[in-house]
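Keep the structure open beside you as you read.

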Amino acid sequence: MQLHSLCYKINTMIIKKFIEPPIENNNYLLIDEESKEALLIDCSAYDENIFIELKKYDAKLKYILLTHGHFDHITGLNEMSEGAQVLLHNGDSEWISELNTYLPMVGMPHMEEPRIDGFINDDDIIKLGNIEIRAIHTPGHTQGGVCFLVENNLFSGDTIFRESVGRCDLPGGDFNQIIESIKTKIFTLPDDTVIYPGHGSATNVKWEKGHNQYF
């Protein structure tokens, strides 16, 4: 585990990035200093440093928002989700119910099926204090892929990476669909929108329009 210091601050909201095993997933902790509410975007592993950060700001974890249902984004849920609402797009519910079919394929042990408390739809608004987080359904990497937009910051999961896009060769993947999602849902955002992906370094919409190898 590697903890990165403050990534960014939007008014009263702090964003911190945690890089988690098994394949260096980016998990993002958002803390609203005013309301003392927090949310975690993706939950790849148990990480006590996240709880240390929550305690530091006297904040409570209100939500865990999942960008999609692949194992490497959800395997920390059983240890991290107590007291928080876990939200996922229904298009990826099968990835949860079939989790133990896929884990042995990647050399990981069986685990108890994680709890999902509710389903996210396109354009849903999740509130953290007075801060609004908008869900944007971006199918293609999976059918339930979702990005989360906060001000001009987009948490893109595995839909788009710096100069690349998410793989589409797993069940529910569709290359043409992911390209359409990016063109119509991400590239229509302002050019200065910062993109925080599920793996790798941050980028922005303008850079991806000019440098992403798939466009």
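## A loop residue to start with

Take Glu113: leaving out residues up to four places away in sequence, Glu113 touches Asn78, Ile96 and Ser97, where contact means heavy atoms within 4.5 Å. You'll find Glu113 in the loop between α4 (99–102) and β7 (118–120). Helices here are DSSP runs of H or I with at least four residues, strands are runs of E with at least two, and both are numbered from the N terminus. Leu99 is 14 residues away from Glu113 along the chain, with 7.0 Å between their C-alpha atoms.

The cut-offs are under 20% relative accessible area for buried, over 50% for exposed and partly exposed in between, with a 1.4 Å probe and protein chains only.

## What you're looking at

A quick word on the ground rules: this is a predicted model, in which local features need pLDDT of at least 70, side-chain atom pairs count only at pLDDT 80 or more, and totals for chains, interfaces and linings use all residues. Residues are numbered from 1 along each chain as its sequence is written, and side-chain values use heavy atoms, with hydrogens and water left out.

## The overall build

The protein has six helices and 15 strands. Its radius of gyration is 16 Å, close to the 17 Å from the globule rule for 215 residues, so the protein is as compact as a globular protein of that length. That radius is taken over C-alpha atoms, and the rule is 2.2 Å times the number of residues to the power 0.38. Along its principal axes, the C-alpha trace spans about 45 × 40 × 30 Å.

Of the 215 residues, 52% are buried. Among contacts with a separation of 6 or more, 55% come from residues 24 or more positions apart. The protein exposes about 9,700 Å², with carbon and sulfur atoms supplying 47% of that; the areas come from the Shrake-Rupley method with a 1.4 Å probe, and for residues only the protein chains shown count as cover.

Now for Thr159, in the loop between β11 and β12 (160–161). Thr159 counts as buried because its relative accessible area is 3%. Setting aside neighbours within four places in sequence, Thr159 is in contact with Thr138, Cys147, Val165, Gly166, Ile178, Ile182 and Ile186.

Gly173 sits in the loop between β13 (164–165) and α5 (175–186), and with 26% relative accessibility it counts as partly exposed. Beyond residues up to four places away in sequence, Gly173 touches Gly140, His141 and Cys168.

Most residues other than glycine have a negative phi, and most peptide bonds are trans. Which peptide bond is cis? The one from Pro21 to Pro22, with omega near 10 degrees; Pro22 lies in the loop between β2 (13–20) and β3 (25–32).

Asp58 has a positive phi, near 55 degrees, and belongs to the loop between α1 (48–56) and β5 (60–65). Asp58 is exposed, at 59% relative accessible area. Glu151 also has a phi near 55 degrees; it is found in the loop between β10 (146–150) and β11 (153–157) and is exposed at 55% relative accessibility.

## Aromatic pairs

How many aromatic pairs are there? The count is seven, using rings of Phe, Tyr and Trp (its six-membered ring) with centres within 6.5 Å; planes under 30 degrees apart are stacked, over 60 edge-to-face and the rest tilted. Tyr46 and Phe51 make a tilted pair, 6.0 Å centre to centre with 35 degrees between the planes. Tyr46 is partly exposed at 42%, as is Phe51 at 32%.

Phe155 and Tyr196 are stacked, at 5.1 Å centre to centre and 15 degrees between the planes. This pair links distant parts of the chain, with Phe155 in strand β11 and Tyr196 in strand β14 (residues 194–197), 41 residues apart. Phe155 is buried at 0% relative accessible area, and Tyr196 is buried at 7%. Tyr28, Phe155 and Tyr196 form one aromatic cluster.
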